[in-house]
Amino acid sequence: MTDKKLVLAYIGNGKSANRYHIPFVLQRMDRFIIKTIFNPRVRHDIWPAIEGVHYTEDADEVFLDPEVDLVVVSTRLDFHYEYTKRALESGKNCLCEKPFMLTRDQAQEVFRLAEKKGLYCSAYQNRRYDSDFLTVQKVIESEKLGELLEVEMHFDYYRPEVPEGHDSFSPFESYLYGHGCHTLDQVISYFGEPDRVHYDVRQLLGEGRMNDYFDVDMYYKTLKVSVKSSYFRIKCRPKFIVYGKKGMFVKETDDRQEEHLKLFYMPGQPGFGQDEPKHYGVLTYYDEDGGFHEEKVPSVSGDYGRVYDGIYDCIVNKQEPVIKPRQTLLQMEMLETGVRNLR
């Protein structure tokens, strides 16, 4: 560390690093220093160079640098295992993009190595800090819904060209791996390990084609939590619908951080990631006296950078990790199970 600041290095200089990681770290320069970014071919035509950062095409400049405290792996999935292991073997803490690894066995091996070395290692589960998900938690914890009965979570697109562009099946390029890694973690992080899971994971274009649909139901005694996604929804379903014995909450729209990031509107700019009143969810319920209420719920602010806050507190302040290995292992097991019977 330098002046109680963690020194970071990134493996990969594409969309992941420059859109979903670095803009949030740049808002936390009191706790972090970005020293080095490695990419096999350094270029700045899409993502401009960051002042003061060293760019290199030699990975050893990351792994052999004694000043680097945390390596962030932001590459394609098929490189996650190799680079995460190398970071840990080099004595570096490591944060790896999601899906975390190809398999649960790889994830287990990586976590055991981190434990043996006494190092931090986790997946980058930034969607825990989506505004819509945080707002749902706020509504549930208000207890206005009464006993919780059912939660529906949707992650829909109308992008038929994506599955139509694939003429073979790979579990690691499946919709469940690519998007279930967001939503399944949200469920696991808030509700814990389910009693049982039902999988409906399909190839809508037929066998031998891409997985382009999934509906995963997780059961917690009397509560059912459903995660549903499709590439063929010309009109998206509400992002969240929550049902309780006394009411329901509907959040139609997504967290807006990604929307703004895609427009190169970055954290720190006015209104970044913030919902407007038209985006607020609607809470409908009966109170203890039988009175009927319907009201808009102002959205809780999201912030993907809170992942980094948790990492700092864990490494520097010796607090418990927020993103726990057992949660990631459970998610990896669910991803593998969901696509197991597809061909």
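## Strand E7 and its partners

Two strands count as paired if DSSP finds at least two bridges between them. In this predicted model, strand E7 (residues 148–156) and strand E10 (residues 223–230) pair in the parallel sense over 7 bridges. His 154 stands opposite Lys 228 of E10. E7 also pairs with strand E11 (residues 240–244): the two run antiparallel and are joined by 5 bridges. Here Val 151 has Val 242 of E11 as its bridge partner.

Is E7 enclosed by the rest of the structure or open? Buried means under 20% relative accessible area. By that cut-off 7 of the 9 residues of E7 are buried, so the strand is largely enclosed by the rest of the structure.

## The eight-stranded sheet

E7 belongs to an open sheet of 8 strands with mixed pairing. The order is E8-E9-E10-E7-E11-E12-E13-E14. Which strands stand at the edges? They are strand E8 (196–202) and strand E14 (292–297). Each has a single partner strand, so one side of each lacks a neighbour in the sheet. On average, neighbouring strands of this sheet are turned by 10 degrees against each other, direction ignored.

E11 and strand E12 (residues 247–251) run antiparallel, joined by 4 bridges. Phe 240 stands opposite Lys 251 in E12. Helix H5 (residues 131–142) packs on this sheet. H5 touches E7, E11, E12, strand E13 (281–286) and E14, and its direction makes about 10 degrees with that of E11. Helix H10 (residues 325–339) packs on the sheet as well, touching E8 and strand E9 (213–220). The direction of H10 makes about 50 degrees with that of E8.

## The six-stranded sheet

Another open sheet has 6 strands in the order E3-E2-E1-E4-E5-E6. The pairing in this sheet is parallel. Strand E3 (54–56) and strand E6 (121–123) are at the edges. Each of them has a single partner strand, so one side of each is left without a neighbour in the sheet. Neighbouring strands of this sheet are turned by 20 degrees against each other on average, direction ignored.

E5 and E6 run parallel and are joined by 3 bridges. Leu 95 has Ser 122 of E6 as its bridge partner. Helix H3 packs on the sheet, where H3 touches E1, E2, E4, E5 and E6. The direction of H3 makes about 165 degrees with that of E5.

## Helices H3 and H4

H3 (residues 80–89) also packs against helix H4 (residues 104–117). The angle is about 10 degrees, and the axes are 10 Å apart. Angles under 35 degrees count as roughly parallel, which means that H3 is roughly parallel to H4.

Which residues make the contact? H3 supplies Tyr 81, Thr 84, Lys 85, Leu 88 and Glu 89. H4 supplies Gln 106, Glu 109, Val 110, Leu 113, Ala 114 and Lys 117. By class, the contact has 5 nonpolar, 2 polar and 4 charged residues.

## Nonpolar cores

In soluble globular proteins, nonpolar side chains tend to be buried together. The largest nonpolar core of this model has 68 residues. Phe 100 and Phe 191 have the most contacts inside this core. Helix H7 (residues 175–191) gives the most to this core, with 8 residues. Leaving aside residues up to four places away in sequence, Phe 100 touches His 80, Ala 107, Val 110, Phe 111, Cys 121, Ser 122, Ala 123, Thr 328 and Met 332.

A second core of 32 residues is separate, and includes Tyr 124, Phe 272, Tyr 308 and Val 316.

## Helix H9

In helix H9 (residues 306–315), 8 of the 10 residues are buried, so H9 is largely enclosed by the rest of the structure. The buried residues are Val 307, Tyr 308, Asp 309, Gly 310, Ile 311, Tyr 312, Cys 314 and Ile 315.

What covers these buried residues of H9? The cover includes strand E1 (6–11), helix H1 (15–25), strand E2 (32–38), strand E4 (70–73) and strand E5 (93–96).

## Glu 288

Glu 288 lies in the loop between E13 and E14. Is Glu 288 buried or exposed? Exposed means over 50% relative accessible area. Glu 288 has 68%, so this residue is exposed. The C-alpha atoms of Glu 288 and Lys 144 are separated by 9.2 Å, although the two residues are 144 residues apart along the chain.

Definitions and conventions: Residues are numbered from 1 along each chain as its sequence is written. This is a predicted model: local features need pLDDT of at least 70, side-chain atom pairs count only at pLDDT 80 or more; totals for chains, interfaces and linings use all residues. Side-chain values use heavy atoms; hydrogens and water are left out. Buried means under 20% relative accessible area, exposed over 50%, partly exposed in between (1.4 Å probe, protein chains only). Axes are lines fitted to C-alpha atoms, for helices over the stretch in contact, and angles run from 0 to 180 degrees between N-to-C directions. Angles under 35 degrees count as roughly parallel, over 145 as roughly antiparallel, 65 to 115 as roughly perpendicular and the rest as oblique. Contact means heavy atoms within 4.5 Å. Ala, Val, Leu, Ile, Met, Phe, Trp, Tyr, Cys and Pro count as nonpolar, Asp, Glu, Lys and Arg as charged, and the others, Gly among them, as polar. A nonpolar core is a set of buried Ala, Val, Leu, Ile, Met, Phe, Trp, Tyr and Cys residues joined through side-chain atoms within 4.5 Å.
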